[in-house]
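Subject: Handover of a structure and its side-chain contacts

Dear colleague,

Please find below the structure that I am handing over to you. My notes on it follow directly after.

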Amino acid sequence: MRGSRSWLALCILHGVASLVLWASPAALAQALVWRSADWAQRPWTPWTSAWVHLNAPHLVGNLLALGVLAAIGWRLRPSRAATLAWALSWPLLQLSLLLWPLIGYAVGLSGVLHAGVAVLAVCLLLDGPKALRPWGLLLASGLLLKLWLERGWSGPVVWDPGGQMSVVRAAHLGGAAWGALLGALGVGWDRWRARRASG
């Protein structure tokens with residue numbers, strides 16, 4: 001139960017911070033945007049940039065997806081190690097965008113959401129109850145299919161004419177990669193603690 005509460009708390013943080021920034025002056029939001037050229041002088045931006053959204057559909061879409069992720073997390077009861085894995089993926093996925101010099105800045109929760117899905121999928125596949133492992137496979141398969149269709153490794157940024165904004169697909173790729181890696185490490189940590197407690 002405590003693990004699922006920490007997961008829900010992180011979801012609430014992302015949602016509330018995104019809404020507060022949306023209602024804040026534009027100058028404040030711009031000060032919180034991660035930019036590849038000067039992020040080292042503004043070291044808070046690998047965290048805060050996820051809460052900045054470019055328009056209302058961008059914000060609403062990400063908040064709806066965040067709500068689904070919160071509901072899934074509450075139902076599946078991820079451990080605190082899983083929540084920590086998701087939290088660590090958050091700034092790391094932003095910094096991984098430095099691998100693509102084309103990307104000058106990135107905002108929004110989508111990379112963080114991809115990381116959360118990856119964490120849940122890995123935890124279910126590696127350590128979930130047997131009855132729930134098909135759900136882990138479903139989550140992982142859906143995520144991998146989306147990443148394959150997006151091909152963020154070769155097209156890291158694309159223009160979305162419907163949303164009238166650039167979509168940083170490399171953030172989705174980075175979020176999924178960090179979420180899977182750290183989620184697996186979190187499962188290993190939980191298993192080590194369980195063995196230690198029983199031994």
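Arg191 has a relative accessibility of 39% and therefore counts as partly exposed; buried means under 20% relative accessible area, exposed over 50%, and partly exposed in between (1.4 Å probe, protein chains only). Before I continue, please note that this is a predicted model, in which local features need pLDDT of at least 70 and side-chain atom pairs count only at pLDDT 80 or more, while totals for chains, interfaces and linings use all residues. Residues are numbered from 1 along each chain as its sequence is written, and side-chain values use heavy atoms, with hydrogens and water left out.

Salt bridges

Arg191 meets Asp127 in a salt bridge, at 3.6 Å from N to O. The term denotes a side-chain nitrogen of Lys or Arg within 4 Å of a carboxyl oxygen of Asp or Glu. This pair links distant parts of the chain, with Asp127 in helix H6 (residues 110–127) and Arg191 in helix H8 (residues 169–198), 64 residues apart. Helices here are DSSP runs (H or I, at least four residues), numbered from the N terminus. Asp127 is also partly exposed, because its relative accessibility is 39%.

How many salt bridges does a search of the whole structure find? The search finds three. Another of them joins Glu150 to Lys146, at 2.5 Å from N to O. These two residues are four apart in helix H7 (residues 133–150), so about one helical turn separates them. Glu150 is buried at 12% relative accessibility, whereas Lys146 is partly exposed at 33%. Arg42 forms a salt bridge with Asp38, where the closest N and O atoms are 3.6 Å apart. Arg42 is buried at 13% relative accessibility, and Asp38 is partly exposed at 27%.

Helix H6

The helix that carries Asp127 is mostly covered, since 14 of the 18 residues of H6 are buried. Its end C-alpha atoms lie 26 Å apart, which agrees with the 26 Å that its 18 residues should span at 1.5 Å a residue; the expected span is 1.5 Å times one less than the number of residues.

Aromatic rings

The count of aromatic pairs comes to four. Rings of Phe, Tyr and Trp (its six-membered ring) pair if their centres lie within 6.5 Å; planes under 30 degrees apart count as stacked, over 60 as edge-to-face and the rest as tilted. One of the pairs is formed by Trp51 and Trp90, which are tilted, with 5.5 Å from centre to centre and 55° between the planes. Trp51 lies in the loop between helix H3 (45–48) and helix H4 (56–76), and Trp90 in helix H5 (residues 80–95), 39 residues apart. Both Trp51 and Trp90 are buried. Trp148 and Trp153 form a tilted pair too, because their planes are at 40°, with ring centres 5.7 Å apart.

The surroundings of Trp148

Trp148 lies in helix H7 and is partly exposed at 47% relative accessibility. The charged end of Arg151 sits over its ring, 4.0 Å from the centre; this requires NZ of Lys or CZ of Arg within 6 Å of the ring centre and within 35 degrees of the ring normal. Arg77 likewise lies over the face of Trp74, at 4.6 Å from the ring centre.

Yours sincerely
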